[in-house]
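Please keep the sequence and the coordinates open while reading.

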Amino acid sequence: MADRRLARVALTWLTEPGTRLVHRLVERLGPVAALELLLDGEAPDQTLRSAVAARSAGGDARAVAEQALTHTERLGARVVTPEDEEWPARVDDLHRLRLPGAERRVDLETAPPLCFWVRGSWPLGQAFDRSVAVVGSRAATPYGTHVATELGYGLADRGWTVISGGAFGIDSAAHRGALTAGGLTVAVLACGLDRPYPMGNTALFDRIAETGLLVSEWLPGADPLRPRFLIRNRVIAAGTLGTVLVEAAARSGATQTLKRAIGVDRPGMVVPGPVTSAMSVGAHELLREEPKTRLVTGVAHVLEEVGRIGEDLAPPARAPERLRDQLDDEATQVLEALPRRRVLALDDVAARAGVDLRTAMRKLSMLEELAMVVRRDDGYALAPPPANDTRV
């Protein structure tokens with residue numbers, strides 16, 4: 001077990017997480033034999049051989065892995081591998097992720113992780129088991145921050161784990177919402193656990209580690225390089241039961257998270273924003289272009305997408321029920337026949353309503369009991385509505 005763990009760490013250092021060929025070698029040969037094959041220069045692909053040779057020039061892979069494991073212990077963290085009970089099995093679905101029109105390495109190399117570095121006491125698999133990702137723009141608007149905070153709070157308050165990337169903007173708002181609710185939240189990082197990025201969120205990361213989890217695929221000390229954020233996003237997308245995009249500009253990396261979620265058959269949800277905001281462009285384009293995306297406006301809609309069938313249905317949106325809504329057709333006709341500011345005789349009410357006198361009298365009596373009509377000496381009139389009353 002220790003040898004396999006060491007080999008997985010060494011393989012992660014030799015090649016970036018998500019490399020499909022490495023994942024296939026590990027599945028076929030096991031991590032120890034796969035590592036030996038790569039270090040012997042026998043990788044079945046020239047690009048991979050070159051990458052391994054370049055990284056090996058900077059150190060011995062096994063020695064680097066041993067140092068990383070020692071450093072991990074000093075950080076109070078742990079390495080979790082697929083051989084461990086707490087492994088989040090849902091991320092293994094990444095083996096079937098294929099993004100249409102993919103040309104860049106970050107869009108092609110989307111294999112499942114070899115291992116995770118984890119800081120926090122919760123079992124990793126348990127934290128991901130009932131989880132929703134909330135992602136979006138770093139340059140969030142006050143509207144987006146409000147929505148993300150409400151989603152984070154509402155999901156955590158209902159016992160769901162809130163997963164995000166720990167960035168400024170939407171990510172931070174979702175994490176803080178979950179923490180305020182006293183719930184569980186997980187930040188999936190694109191760098192080493194000892195180098196949480198952005199540094200301005202250090203206090204937030206410490207709070208998350210105390211009650212939730214910090215997770216990374218990179219060794220301690222790894223820098224937050226730009227491509228690693230997209231590599232990281234595939235874990236957020238596949239590890240959760242669904243992804244909610246709150247705000248995203250036209251070229252936002254958060255839209256890539258949603259596309260990866262859809263690619264592994266997870267619900268992809270988008271919160272609509274103001275059409276005048278640049279932070280709505282990417283989100284709205286996904287709603288237009290991706291048939292599988294769903295528009296959501298709150299926690300109830302999200303839970304309807306990711307919850308148990310028949311148990312988490314969102315109530316239909318309805319305006320407040322008015323007293324007028326309870327009237328039958330004839331009573332409505334009689335009520336509508338009465339002018340706003342004058343009295344009308346019984347026969348005139350019947351004529352204007354298109355009903356006979358007996359029906360008009362019966363409906364007027366009912367409307368009078370409901371305090372919607374008042375009787376005068378010379379006929380009937382609409383009752384003045386009480387102040388601030390919306391029942392009629």
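What volume does the largest pocket have? In this predicted model, the volume of the largest pocket is about 750 Å³. Its lining consists of 31 residues, and those closest to the centre of the pocket are Leu-230, Arg-251, Ser-252, Gly-253 and Ala-254.

Which helices each supply at least two residues of this lining? They are α11, which spans 226–239, α12, which spans 253–263, and α13, which spans 281–289. The largest share belongs to α11, with seven residues. By class, the lining of the largest pocket holds 13 nonpolar residues, nine polar ones and nine charged ones.

Rolling a probe the size of a water molecule over the atoms shows where empty space is left. In this chain the count is one cavity of 30 Å³ or more, and the largest cavity contains about 30 Å³ of space. Around the largest cavity lie Arg-138, Gly-165, Gly-166, Ala-167, Tyr-197, Pro-198, Phe-229 and Arg-232. That lining divides into four nonpolar, two polar and two charged residues, the class of Gly being polar and that of Arg charged.

The next topic is a pair of helices. Two packed helices are described by the angle between their axes and the distance between the axes. For helix α8, residues 142–157, and helix α9, residues 170–180, the axes come within 7 Å and the crossing angle is roughly 35°. The crossing of α8 past α9 is right-handed.

Which residues of α8 meet α9? On the α8 side they are Gly-144, Thr-145, Ala-148, Thr-149, Gly-152, Tyr-153 and Ala-156. On the α9 side the partners are Ile-170, Ala-173, Ala-174, Gly-177, Ala-178 and Thr-180. Sorted by class, the residues of this contact comprise seven nonpolar and six polar, with no charged residue.

Finally, the chain as a whole. Its secondary structure amounts to 17 helices and 11 strands. How does the radius of gyration of the chain compare with that of a compact globule of 392 residues? Such a globule would have a value near 21 Å, whereas the chain has 30 Å. Taken along the principal axes, the box filled by the C-alpha atoms of the chain is roughly 105 × 40 × 35 Å.

Definitions and conventions: Residues are numbered from 1 along each chain as its sequence is written. This is a predicted model: local features need pLDDT of at least 70, side-chain atom pairs count only at pLDDT 80 or more; totals for chains, interfaces and linings use all residues. Side-chain values use heavy atoms; hydrogens and water are left out. On a 1 Å grid over the protein atoms alone, a cavity is a set of points where a 1.4 Å probe fits but cannot get out, and a pocket is an open set with protein on both sides within 12 Å along at least five of seven lines; lining residues have an atom within 4 Å of a point. Grid points are joined across faces, edges and corners, and a volume is the space filled by probe spheres set on the points. Helices (H or I, at least four residues) and strands (E, at least two) are DSSP runs, numbered from the N terminus. Axes are lines fitted to C-alpha atoms, for helices over the stretch in contact, and angles run from 0 to 180 degrees between N-to-C directions. A crossing is left-handed if the near helix is turned anticlockwise from the far one by less than a right angle, and right-handed if clockwise. Contact means heavy atoms within 4.5 Å. The radius of gyration is taken over C-alpha atoms; the globule rule is 2.2 Å times the number of residues to the power 0.38.
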